[in-house]
Amino acid sequence: MQKITRDQLIEKAASLLGNGTVSCVLGWEKGEFDYDVTPALFETESELREKFVFGDFCGANLSKYLVSKTRKCEGRILVFLKPCDTYSFNQLLTEHRFDREKAYVVGIPCEGMADIERVKELCGDGISSVTADGDELVVTTLYDDEPVRVKAESVLAERCVNCKSKKHVAYDELIGEDGEVLSSARFDEVARLEAMTPDERFAFWQNELSKCIRCNACRNVCPACTCERCVFDNPSSGVENKAAANSFEEKMFHIIRAFHVAGRCTDCGECSRVCPQNIPLHLLNRKFIKDIDDFYGEYQAGAEVGSRAPLVNYTFDDLEPGEVFERGGQDA
Amino acid sequence: MNNKEKLLKEEILRMSGVNPVKCMRCGKCSGTCPAYDEMEYHPHQFVSMVESGDIEPLLESKSLYRCLTCFACVDRCPRNVEPAKLVEAVRLLAVRKQGANHLKPEDVAAVLDDDTPQQLLVSAFRKYAK
Amino acid sequence: MQVKEYKPLIVAFCCNWCSYAGADLAGNNRLSYPADVKIIRVPCSCRVNPMFVLRAFQRGADGVIICGCHPGDCHYTSGNYYTRRRMALLFSMLDYLGIERDRTRLEWVSAAEGAKFAATMNDFVEKVTALGENKRLEDLRCKK
Amino acid sequence: MRKCSLESIDRVFAAINADASLYLPVDGDDGKAVYTKWEDGVKWSGALNTVRSPKSFFFPQMEDLVQFRTEGKTIEVIDPRKESEDFVVFGVRACDAKSFEVLDRVFLVDPVDSYYASRREHGVIVTVACTRPVETCFCKTFGIDPAEPAGDVSVWKTDSELFWQSNTEKGEKLLEKLADLTEECTDEAVAAQKEKINSVMSRLPLADLKADAFGAGKTMKFFDAPEWDELSESCIACGTCTYVCPTCQCYDIKDFNTGNGVIRFRCWDSCMYSEFTKMSAGQPRLTQKERFRQRFMHKLVYYPEKNGGLFSCVGCGRCLSRCPISMNIVKVMKTIGGKADE
Amino acid sequence: MQRIGVFVCWCGSNIAATVDVKAVAEALKSEPGVVYSADYQYMCSQAGQDLIKEAVKEHNLTGIVVCSCSPRMHEATFRKTAAAAGLNPYMVEIANIREQCSWVHKDIPSGTEKAIILGKAAVAKVNLNTPLTPGESPVTKRALVIGGGIAGIQTALDIADAGFPVDIVEKNPTIGGKMAQLDKTFPTLDCAACILTPKMVDVAQNDKIRIFSYSEVSEIKGFVGNFDVTIRKKARYVKEDVCTGCGLCVEKCPQKKIPNEFNLGMDNRSAIYIPFAQAVPKVATIDAEACTMLKKGKCGLCSKVCTAGAIDYKQQDELISEKYGAIVVATGFNPISMEKFDEYAYSQSKDVITSLEFERLTNAAGPTAGKLLRPSDLKHPHTIVFVQCVGSRCASCAEKGKEYCSKICCMYTAKHAMLTRDKYPDTDVYVFYIDVRTPGKNFDEFYRRAVEEYGVHYIKGMVGKVTPEGDKLKVRASDLLNNKQLNIDADLVVLAAAIEPDKSARPLATMLTASMDTNDFFTEAHPKLRPVESPTAGVFLSGACQGPKDIPETVSQAGAAASKVIGLLAKDKLTGNPCVASSDELMCNGCSSCERVCPYGAISYIDKEFRMPDRTVAIRRVASVNPAVCQGCGACTVACPSGAMDLRGFASGQIMAEVDAICK
């Protein structure tokens, strides 16, 4: 259950639209069901009142839209950003992907977003309604007359279970109270994989990546993937491909993508959220984040605008690749 | 260094977290030590003797109990060697070796006199009441 | 039937200023290493894109080694420092995916280290030979 | 109509698999069903549907068309196709079964796509009537009855039994092979099952969705609808909808240089991609709005126009549950179709 | 499609003994693009080169592959050959089949096989080669020297001597720098002023040299040969060209209580002042912070007494723009602050001083007119303790000290100790040291003289604590060699403070895009081979801005930097390396990753209008590489996620083609 309400956000947006501070509002629009929320651009108060929604399924990170929308829209864009979204926002600013002056950030607190897949696991298929009630979600299905109540925290998305920060690192205005940077267990799963034998690791990734259908959802939703033209779409890059021909190309796409966002990925978790095949893509990015933290000192992309990403930085006594392996772990 | 010395050294380094090879032999620790004259082995000697595995004499020495644990040497060492931690570790080793506390807290009052600094009292607890 | 002896294919990226010259010196001093090693000259080790490394494996390489100037000696002052970070992360990622560690290596070889170049290559070839053919990063379409 | 007990199902599968590879939905480790080759011990999934549609059996995501091998300056041309083997796809739902009709009308009309045709010829489709439709289902909108699935063989599942009915010659042959494992029966139980399904169907949230506003001849009506702007506003231009869609049939033909020659292959492509059908002068559809519009206009207007009114959407609901931003054909139909009537 | 000729060299038997050169030539003949292939005993010989030239003409070749020795050996030769035959020299690739093949492999089959593969890789690369032309840029024949200490002075004099105009920018009212504050110089003990001031005068009188004193560099744009520099000339409220330096104003100024920086605050100066008698330019400067007229609008005494009418209270900062071909950084050093070293009681006692303060105390022009007197009570000190390495070699606390050795302290401390004993034989002088480092001509002899002839007490060990007690300084220190603790009642304690780069260096480095190390010393282009050049082309380093240095070293480096500058300015045009990075603006995201890894600051960003794929027009920030500055390392190409950045001559496509050829 979110602490702030749809109405609070609408009031805020309406007043900023009304006094001319912003010309449009980037937010979430309600869908067919209670959980299929779509990011949307609102231009009038009546649109907001009619369609705007905020709740446990507003997981989409809106920061990336600013790249295209600031180019398109006249005036400032109000964007609602949850704490983790503000990291992406800062990282995009660091990379000069849009003009800060064209965005008006309203930071909103987040109690963690629900994952509809987890709701279905607990309550069954055929969801006909999901509503929040206190710290519970009330779920009705097509097949049970009685609604099922589940704790909101039991259906949190993985990235919210392992939330890294409830602190907004960028905003023009804040609704509600700001939180703190949290110490999360987000690297535990990576560590678990690291502790496996190489054969097990290979089997794990071979299995996961073989599911990939190269729909590019992970890339296209990723706030770090804002290239004007991706190398994988560019025939002259030498790595272009539209579909993975075999396990090599499956791996290559994901390795190169993870490498390209290494040090720039804020760990917002959108890649795993959108993957239609439920591949735990965040575990690739987190591996790089964990390594970067371990090798070069803790670094959180997007924590501050203008910080120097670890891959465009160095110290004289950085670890050698060989030393990385001496530190432990198993090899074939 | 024989095997025993090596083991002793390793244990002390592990307990103290000190890396004696960082020492550049400047002697500032001894220069600054208020208990220097009371000590048979001085802070800089602790560092070099531990490094060379010459630990038995340190364990035997009364110097261990002369150190005030004032940490002046730690504060002033330009290389972050932290000699006091080394002294502390050797002392701890000695105490453990003897299998008993050297001084009980209740005995402390008896040995107090006007010249004993307050700091000594505190460090006595640190040292003896482990 | 005679079993053909397994010969690995090694791609070595060498920076022009130190390691390529080191390889030349190994030649000048007739220090032999297996012919399986094929060198590609790059201006600096920092020119080596992880895509090149993967490309080599895709096309059939069994091992990829990158050689550059020693840290602090880079002709371009800082190129090899970036290489070091990039490759530490890339190799760690490959390891994470279960790819054998000994198939990749980053080595600093100066222009004076002909002997080190030859020794490094001998050692690398030996390690890769022990691993056998690259199966985990192969692209069957590129097999003969 | 023939029936067998659910307990004997492994024996039935074994019999089918004896002379044709059998594929069926199996739960993966993430709980999602995937079409998997049957072997002993493999369990048929109870899931309503798979994330990837069964169209890949006939129109795989990637397939080699021809190879060129170079030796010095000579080129050898190789047909990479092997003799197709017979296979059976079991567990196809009514919606997906309908999708094959949509694909057939593209690939089997002149000039016939021989790659696709060969697979269709060798494949037997065994459909299973739905028991638990979910909120994203809207097959009825396109006249599909999940209680009466098409395919070579239709199967109904009750709590303890499976009922088999062949619809084609291929299906007849398959059932003949299973004669020993099944017994002749009446269709009473099936009728009851159909009743059950229909009662659920009427309760579905999208039960009343109508496609009447769309179809042949509606191009001018919808093409310039202003709603396309907001509908496509947040589309991230990924290909998820296209790739999980059972009827999307666009592909690209590309060459891969292996170093020793060239493999010419085709792979799925998505009209949602900015690089789709890119030509020397660039992309014919410049904006995401145009690309977005293309996909839905094709499903709802262009395709029916060329195919006797048949929509190229089967209401399987995959795009509803998989789209990263939850934009989908239902929202499009409601927005565009609803507005257009006013 | 290229028309490639392959030329396989035998190198006598060097190659031919282990590589079947005929087979190599034959095998490569069928590679794509190859239209001609030949072998010859010595390709690098005149006859071999002629063979290439003829083949180019006869077969209309567009590209050449030479299978021979290392490109480090003969690439230049064959490029010239190609150019002579009318081909672009960058259409040549070398397959190294000698050093990396025939010389390291034993048997003919494997040697031949590898040679063929290396040849194929070279062919694959040439197929993608494009003609490259080095860019040219003009050179502005004027140098800028930033910093007017001995380093800057020497560099400027040497450059001017070669006939090129030089400007010196000095932030203080006078040039001279630290050396002007010194008393004597080691190891010869000649007086600093005696050897420095003539050079200062030379600078002032040299018509090739302009001095911008009391000025700072505020902006630097451009690149090697073409720097655009803006210099801010701070208002000194005195017309420089009018002031005669007579000093009357200084005398009459009623505001006389301003700590005198030149004497490190040990005495006072007036609000209008000339730092010292031999200042160049010898012009008064009004300290705006202290002047009553400027602060309150009252007084104006200096203006009244100035017969030349040089005072101008309305003077404003002036911005001067000038073009330069080369920039020399000579920003020098400062002793670090002693405030944080509580144990030495620097802040508690006036009688604990730094060595630079000691210099002033012993200097005839200093606050005590050269008499060594304690600052607190102006009494003659009888026991003096010198402490070495204060803040140097200090790894424990980055805020306090520096990890490096400051290099000059051992020698000046020996000098101070020796001079003290020489002038005042009744003093006891102790020097506490960790190591005595005297590598230099006559340096160790100098130190030994201090010990042997002058009886300075050198004690191995550090001072642990200095405690002011009455009029004494209780110094507690360890004597490591005698293993005892010393307690000395000293009258004066002199701290050899570590030195650090001047604070102005960091912002300057940013303006220059020149790299610095973690201690803010400028890094050199190569630590051994290019010690006076910054990695940023056209920027040179002189003196202590690059690392701690004594005067002889500074002067020699200053001369070396000058000779590099002269070498640059002597050219009319700079020919670049054509193998430089270039960005495909259509793909560039403007994310700054490339800029951040570029060691040369060759990448800048421009806002450019683009017709986007959807035919709208957008203004985007895109990278632009200055080919005159880029050295072609390629770091940017990997940092670039979109692949917009590529390197000419070593393009990604070319390298991948080589990989493919090797692996096929």
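This is a predicted model: local features need pLDDT of at least 70, side-chain atom pairs count only at pLDDT 80 or more; totals for chains, interfaces and linings use all residues.
Colour two selections: domain 1, residues 2-61 + 84-201, and domain 2, residues 219-250 + 270-341, as the domain assignment of chain D gives them. Taken over C-alpha atoms, the centres of domain 1 and domain 2 of chain D are 28 Å apart. Where the two domains of chain D touch, 22 residues of domain 1 and 19 residues of domain 2 take part. On the domain 1 side of this contact in chain D, 11 residues are nonpolar, five are polar and six are charged.

Stay in chain D and switch to a cartoon view.

Next, zoom in on strand 4 (residues 62-71) of chain D, which pairs with strand 5 of chain D over five bridges in the antiparallel sense. Pick Glu71(D): its bridge partner in strand 5 of chain D is Thr74(D).

Now show chains C and E. Their contact takes 37 residues from chain C and 40 residues from chain E. On chain C, select helix 1 (19-28), strand 2 (37-42), helix 2 (50-59) and helix 3 (79-96); each supplies at least two residues of the side that touches chain E. Helix 1 of chain C gives the largest share of that side, seven residues. Coloured by class, the side of chain C that touches chain E shows 20 nonpolar, nine polar and eight charged residues.

Definitions and conventions. Residues are numbered from 1 along each chain as its sequence is written. Chains are lettered from A and ligands numbered from 1 in the order in which they are written. Domain bounds come from an automatic or database domain assignment. Two residues are in contact if their C-beta atoms, placed from the backbone, lie within 7 Å. Ala, Val, Leu, Ile, Met, Phe, Trp, Tyr, Cys and Pro count as nonpolar, Asp, Glu, Lys and Arg as charged, and the others, Gly among them, as polar. Helices (H or I, at least four residues) and strands (E, at least two) are DSSP runs, numbered from the N terminus. Two strands pair if DSSP finds at least two bridges between them.
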